[in-house]
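Dear colleague,

Please find below the structure I am handing over to you, followed by a summary of what was found in it.

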Amino acid sequence: MELETPDAQSCLSYRCPYCGTVDVDAYEVLSPGESVRLVCDGCREHFNVLVLECPNCGDETAHTCPITPSASDLQKLSCQRCHHALIDDEDDLRSMD
Ligand SMILES: [Zn+2]
Ligand SMILES: [Zn+2]
């Protein structure tokens, strides 16, 4: 078992794909399956954050991408906790578009 901090449970965090600054979704603007465009506090660059809920363990993971991720990019994503594929159904991809 891995130890988890309470913060990891209540707030999602994400890392800027440009400068690596880690920010926390303190205002809970992110919701699963929705791509949100944000500005980095560190470098002022825009990037997309997509939160996906693992179909296996239910863990929510925030993925950052400089541009809107393509369907094939999304299919490569896996859960950080259990490494299950986050997108295992093509129907999910169509409904997200
Ligand atoms: Zn940045
Ligand atoms: Zn998982």
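Of the 97 residues of the chain, 9% count as buried. Please bear in mind that this is a predicted model.

Regarding the overall arrangement, the chain contains 3 helices and 5 strands. Read from the N terminus, these elements follow the order α-β-β-β-β-β-α-α. Among the contacts in the chain with a separation of 6 or more, 35% are between residues 24 or more positions apart.

Three of the strands form an open sheet in the order E3-E4-E5, and their pairing is antiparallel. Strand E3 (35-39) and strand E5 (60-65) each have a single partner strand and stand at the edges, so one side of each lacks a neighbour in the sheet. On average, neighbouring strands of this sheet are turned by 30° against each other, direction ignored. The antiparallel strands E4 and E5 are joined by 6 bridges. Glutamate 53 stands opposite glutamate 60, the latter belonging to E5.

With kind regards

Key:
Residues are numbered from 1 along each chain as its sequence is written. Chains are lettered from A and ligands numbered from 1 in the order in which they are written. This is a predicted model: local features need pLDDT of at least 70, side-chain atom pairs count only at pLDDT 80 or more; totals for chains, interfaces and linings use all residues. Helices (H or I, at least four residues) and strands (E, at least two) are DSSP runs, numbered from the N terminus. A residue is buried if 20 or more other C-beta atoms lie within 10 Å of its own, exposed if 12 or fewer, and partly exposed in between; C-beta atoms are placed from the backbone. Two residues are in contact if their C-beta atoms, placed from the backbone, lie within 7 Å. Two strands pair if DSSP finds at least two bridges between them. Axes are lines fitted to C-alpha atoms, for helices over the stretch in contact, and angles run from 0 to 180 degrees between N-to-C directions.
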